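Hello,

Here is the structure I promised to send over. Have a look at it first, and my notes follow below.

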Amino acid sequence: MKLAYYPGCSLKGTSFEYEVSLLKILEALNIEIKEIPDWNCCGASAAHSINHDLSIALPARNLAIAEKEGYESVLAPCAACSNRLKTAHYELETDDILKKKITGSIEMPYSAGMEINNMLEFLIKIAGKDKIKSMVKRPLTGLKVAAYYGCLLVRPPKIMQFDDPENPVSMDELVGLTGAESVNYSYKTECCGAINSLSKPDVVMALTGNVLYDIKKHGADIVVVACPLCHSNLDVRQREIERKYEEKIGLPVLFITELLGLSFGIDPKDLAIEGHMVTADRVLEKIKEL
Amino acid sequence: MKTVINEENRRNFVSLVESMLHDKLSKCYQCGKCSAGCPVNFEMDYTPNQIIKMTELGMEDAVLNSKTIWLCVSCNTCSTRCPKGFEVTGIMDVLREIAEKKDIISKVEKEVQVFHEVFLDNVKSNGRIFELELVGKYKLKTRRLFRDMFLAPKMFEKGKLRISGEKISGLNQIAKIFKDFE
């Protein structure tokens, strides 16, 4: 099966570490993906917040191009992008009037036959747990990892059709494959504040602070995520949260692809781990000693 | 709090909301599950279940000018937990879209609204988000020039902020989509 790749804007900018590490591990797993030619922004939260039709048309153009190029499956590693692509797909599949309006505007047909996978789904369904496990050359035994899912990977369940919306386990299972221990905590699916990071920083820091302090309390060494927005809020804003609440956190936030890469024995430099704002040096030292 | 004044206006508002939402307001029996789980309830002027009831009562001005509709981050916790399967997250999208179409500028949560608008302008002109331009324009529009600026040097150093953006070649298609739906 030909596999299309929809990077989305964040992976080409503030979350470049996610793209670098995912391409590296897919190369190791010998899985080929191809970027959708001339893809456009999915409209993210802004489009659905103020213009419904736009929020369907923008992702629909990408899905229609992928279909025209003969793809049947798209990987969208950004949780928000995968959410928007899945939502557009769902609405086009279930609403004929809307479908006519949208395909008329993008001037391309869409048969609604595309399978859209977020990063976790892709790793489990397409790569497969057995294959991933067979690639683990440096088991991360003794490392305590908190898997943070946030909202958009699992909600709304009617459209995402992925894992349990209240108590997801798929990322914890991937953590388990690396030999690390996944930590149980309360804020796995609580929102980080997402798109309001720039417009309501105080609210976002309150929400993100709840998540980070709870993870800290449960003894994790690091956090892993599968969403660039979660990553930005947890990593980029962490120092500020520490200052605001006057309590040290010091939790490196890694993408799940980086954690897998480390367990595959890939050099941290090739996974762009030094691109994070909170340094992971201490954890990397700990891993080296394992 | 002013409630129903004009039955015809109330019906028109309810039917507009319901047609955009593809759901019925009367489904909601005010259990408050949505508001209990809402992560941003502490900042809202009306809780999500209040917004639903106020919409049903035709309190158009109050809901369209509320802080709540702009504070909602669309995390979908409410809709996921609603025992009636009501589109709670969806109603926030619908009310924001109506406010936007009526040119109602939020007095208290203007920054959230401006962010969405600047974001879409960026998509319209490039086809993709150019983060530095997005942030710059947002700051100019909201006059929040210095907030978060302390993050910039380290983000540059880490390679997180790119100096130039890219434009897609199908920009005319993007322009058409915006023309059709804006």
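In which loop of chain A is Gln161(A) found? Gln161(A) lies in the loop between H8 and helix H9 (170-177) of chain A. Helices here are DSSP runs of H or I with at least four residues, strands are runs of E with at least two, and both are numbered from the N terminus.

Before the rest, a word on the source. This is a predicted model, in which local features need pLDDT of at least 70 and side-chain atom pairs count only at pLDDT 80 or more, while totals for chains, interfaces and linings use all residues. Residues are numbered from 1 along each chain as its sequence is written, and chains are lettered from A and ligands numbered from 1 in the order in which they are written.

Back to the backbone of chain A. Most residues other than glycine have a negative phi, and most peptide bonds are trans. Gln161(A) has a positive phi near 50°. Ala194(A) also is not a glycine, and its phi is positive at about 45°; Ala194(A) sits in the loop between strand S6 (181-182) and H10 of chain A. Buried or exposed? A residue is buried if 20 or more other C-beta atoms, placed from the backbone, lie within 10 Å of its own, exposed if 12 or fewer, and partly exposed in between. Gln161(A) has 12 C-beta neighbours inside 10 Å and therefore counts as exposed, whereas Ala194(A) is buried because 24 other C-beta atoms lie within 10 Å. There is also a cis peptide bond between Arg155(A) and Pro156(A), with omega about -5°. Pro156(A) belongs to the loop between strand S5 (144-147) and helix H8 (157-160) of chain A.

Chain A has an open sheet of four strands in the order S2-S1-S3-S4, with parallel pairing; two strands pair if DSSP finds at least two bridges between them. Strand S2 (34-35) and strand S4 (115-117) of chain A are the edges, each pairing on one side only. Strand S3 (residues 73-75) of chain A pairs with S4(A) over three bridges in the parallel sense, and Val74(A) stands opposite Ile116(A) in S4(A).

Chain B has eleven helices and zero strands. Of its 182 residues, 39% are buried, and its C-alpha atoms fill a box of roughly 55 × 35 × 30 Å along the principal axes.

One helix pair in chain B is worth a look. Helix H8 (residues 110-126) and helix H9 (residues 131-142) of chain B have axes that come within 9 Å and cross at roughly 140°. Axes are lines fitted to C-alpha atoms over the stretch in contact, and angles run from 0 to 180 degrees between N-to-C directions. H8(B) and H9(B) are therefore oblique to each other (angles under 35 degrees count as roughly parallel, over 145 as roughly antiparallel, 65 to 115 as roughly perpendicular and the rest as oblique).

Finally, the two chains touch. Their contact takes 43 residues from chain A and 43 residues from chain B, where residues are in contact if their C-beta atoms, placed from the backbone, lie within 7 Å. On the side of chain A, helix H2 (44-50), helix H3 (52-68), helix H5 (96-106) and helix H10 (201-217) each give two or more residues.

Best wishes

Note on methods: Contact = placed C-beta atoms within 7 Å.
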